[in-house]
Amino acid sequence: MGGTFDPIHHGHLVAASEVQSLLGLDEVLFVPTGRPWQKQGRDVAPAEHRYLMTVIATASNPRFSVSRVDIDRPGPTYTMDTLHDLQQQRPDAELFFITGADALAQIVSWKGIDRMWELAHFIGVTRPGHVLSDAGLPQERVTLQEVPAMAISSTECRRRVDSGQPIWYLVPDGVVQYIGKYQLYRSPPGDLQEE
Ligand code: ATP
Ligand code: MG
């Protein structure tokens, strides 16, 4: 499951757990992006912080683990490179790339899309507020999967932290504490908010 995980929240975890169970996957590998090419416009928390929060959030689930492939590769992250590297690391694995339905709708614009169909099955999880229109995706390669509705996004978590609102129960307890410990997502006092 790829994502920025800035920070990881219960929407990600529910989606991963649901897809794991429905498809009977042996393992769900969370892959925090290095520098996401779609998010070049905004500041993303350092990769090491996003990686460690993902480790904290997934540590208790024996089927969940976290990969460093994207954060250790220099330059912007392209899903094609992610899948290629994972295939090299696990040549016998059948790969499923799990992503949100919003991201799936953008999939056709991804670099190297034709070759990507050969490397993995794509699972698009529906998130609240997203209506899926047929984007002309190959049906034998893309599965749309409804997951229990959780109206949580990382953007909303960051906004809440910055404005002093709680994020307890939106993200795992250890992630709340990690964000507090390293003072993530707080703009310096007196800083004017963009937007
Ligand atoms: P941001 O608000 O910064 O874009 P995000 O909450 O969308 O963050 P990402 O790290 O971009 O989180 O998400 C990784 C994947 O998980 C995306 O494909 C996204 O659509 C999906 N996802 C995020 N939140 C949910 C949710 N509540 N339910 C289902 N899928 C989700
Ligand atoms: Mg997003």
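Predicted model: local features only at pLDDT ≥ 70, side-chain atom pairs only at ≥ 80, totals over all residues.

Colleague: Which residue in strand 7 is the bridge partner of phenylalanine 96?

Modeller: Strand 6 covers 96-100, and its parallel neighbour here is strand 7. Look across from phenylalanine 96 into strand 7, and the bridge partner is histidine 121.

Colleague: And how many bridges pair strand 7 with strand 8?

Modeller: Strand 8 takes in residues 142-146, and it pairs with strand 7 in the parallel sense. The bridges between strand 7 and strand 8 number five.

Colleague: There's an open sheet in the order 1-2-4 too. Which strands stand at its edges?

Modeller: That sheet has three strands, and the pairing is parallel. Strand 2 (residues 28-32) is joined to strand 4 by three bridges, with phenylalanine 30 partnered by valine 66. An edge strand has a single partner strand, so one side of it is left without a neighbour in the sheet; that goes for strand 1 (2-3) and strand 4 (64-66).

Colleague: Now the ligand: which element gives the most to the shell around ligand 1?

Modeller: The shell has 19 residues, with Gly3, Gly11 and Gly100 among the closest. Helix 1 (10-23), strand 6, helix 5 (101-105) and helix 7 (154-162) each supply at least two. The top contributor, with three residues, is helix 1.

Colleague: How many residues of that shell are polar?

Modeller: Seven shell residues are nonpolar and three are charged. The polar ones come to nine.

Methods
Residues numbered from 1 in each chain as written. Chains lettered and ligands numbered in written order. Near = placed C-beta within 6 Å. Helix = DSSP H or I, 4+ residues; strand = E, 2+ residues; numbered from the N terminus. Nonpolar A, V, L, I, M, F, W, Y, C, P; charged D, E, K, R; others polar. Pairing = 2+ DSSP bridges.
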